[in-house]
Amino acid sequence: MVKSTSKDAQDLFRSLHSAYSATPTNLKIIDLYVVFAVFTALIQVAYMALVGSFPFNSFLSGVLSCVGTAVLAVCLRIQVNKENKEFKHKTVVTNLRGIVAMFVIAV
Amino acid sequence: MMNLSRSVALISLFLLPLLSFSFSVDNPTDRRVLVLLDDLSLKSSHSIFFTTLKSRGFDLDFKLADDSKLALQRYGQYLYDGLIVFAPSTERFGGSLDSKSIADFVDSGRDLILSADTSASDLIRGIALECGVDFDEDSSAMVIDHSSFSVSDGDHTLIAADDLVKSDAILGKTKIEAPVLFRGVAHSLNPTNNLVLKVLSASPSAYSANPSSKLSSPPQLTGSAISLVSVMQARNNARVVISGSLQLFSDRLFRSGVQKAGSPNKYEKSGNEQFATELSKWVFHERGHLKAGSLVHHRVGETDEPAIYRIKDDLEFSVEILEWSGKSWEPYVADDVQVQFYMMSPYVLKTLSTDKKGMFHTSFKVPDVYGVFQFKVEYGKLGYTTLSLSKQIPVRPYRHNEYERFIPTAYPYYGACFTTMAGFFVFSFVYLYHK
């Protein structure tokens, strides 16, 4: 039984990996950015767990800015994804609008 | 009209020196003392004690205890600064005196020497009770000590006592070498009363009983619980001496030699005269009277007193304490004056150091708590007047611009913000212009 479950896990992982490689590059760029932002937030949480929450304001500003930009990047990905049937926009406009909205709000 | 104003001016000129003949804040030694006797022969039998008082500048006014013209105050002003009651058998005072008027006298800050003898009337007991001293209820009881008596005595009622309180303020700097002779009644003090103090205690082998009859039951007052002479310093710094023996102050005991039973030392002169003189100096505020100037505090490096401190400020505190020497104010020297920085409980307690000229100072850092604090100096040394000074001062936290600009612990968070900004910038370029 153990062997089969590990084999199942490996099969699962391989199928996910092949499915993911099929996504367009622009979406992969957004995904990378999201991972980067969340990773930065996690590093800050680990640091706070180490040294305590003394300048709590600074901790909040760091973590929330990372998480916020991750969330906005996810919104962008949703809007830009061609396979998503809910959004039907023209390509160039979509891109620019999404980016501008994210920029303004992030700042 | 001219005559009236001139006579008024003359009268007030006469009254002026009278007004200065009383004790005041600047000159705390008493001046006029009323001496109540129940027998005028006490004037001669206790002449040494009274002469020493007169030679120190006191104005003694001798009156019989049942003199009908006795009055302590007239028109609301007290006529005397001190009262000596050497009238142990008087049942009722004459004039307007009674135990309540004597209690008011002490409440006004004036001093009292009260003495009982082999018999103490209820009046004297009542006055002593007001001051916290309990005489033995048995009116025929005297202090008997079969191992600490004077060898010249037959029935062991003349005690040679040397258990004196250790206080330079009350008994003077010179040690009283010879024992003090005592013949009289015993009294005890309530142990929870922290204003009374035993100056001369009986030895552990003393007890209070009737010397001429057999003991039917164990005596109530025994041992060191018996006080022979006690003092009380009231909260307004009035001083009261209560003695169980009038003979202690008499010329006969002043002059007699003393040898304690069981001890080889024979003294030419008993310690009575020195004891009585030193005690009278203390009770009439010639010694042990302190005065404090105002509390001064300021930040280190400044001289003005700020209206508010900030937490973690360095501040300096000083107070001036003077001691009355009998004639002038001298700087007080001690190493146990403390100041508290107090808000519900002392956050800082520091012993002040002195420059031997009367200034006591210290410096400390304001604690990391904000609120309204008090500088408190509470000084209650044995035999000295109690000092109770306080000054209020608020303490505030940091203002928003008094923090450090960049907190070192928070550098990772600053870094994270900047990398997020950089990452966003790079991402936007890459996303827009990739192939």
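**Overview. Salt bridges across the structure.** Over all chains, the structure holds 20 salt bridges, a salt bridge being a side-chain nitrogen of Lys or Arg within 4 Å of a carboxyl oxygen of Asp or Glu. This is a predicted model, where local features need pLDDT of at least 70 and side-chain atom pairs count only at pLDDT 80 or more, while totals for chains, interfaces and linings use all residues. Residues are numbered from 1 along each chain as its sequence is written, chains are lettered from A in the order in which they are written, and side-chain values use heavy atoms, with hydrogens and water left out.

**View 1. R32(B) meets D81(B) in a salt bridge.** Look for the closest N and O atoms, 3.6 Å apart. R32(B) sits in strand β1 (residues 32-37) of chain B, and D81(B) in the loop between β4 (77-78) and β5 (82-86), so the pair links parts of the chain 49 residues apart. Strands here are DSSP runs (E, at least two residues), numbered from the N terminus. Both R32(B) and D81(B) are buried, meaning under 20% relative accessible area; exposed is over 50% and partly exposed lies in between (1.4 Å probe, protein chains only).

**View 2. K260(B) pairs with D162(B).** Here the N to O distance is 3.2 Å. K260(B) counts as buried because its relative accessibility is 19%, whereas D162(B), at 45%, is partly exposed.

**View 3. E278(B) and R287(B) form a salt bridge.** Their side chains meet at 2.5 Å, N to O. You will find both E278(B) and R287(B) buried.

**View 4. A network of salt bridges.** Shared partners join R299(B), E302(B), R310(B), D313(B), R396(B), R399(B) and E402(B) into one network.

Note on methods: Helix = DSSP H or I, 4+ residues; strand = E, 2+ residues; numbered from the N terminus.
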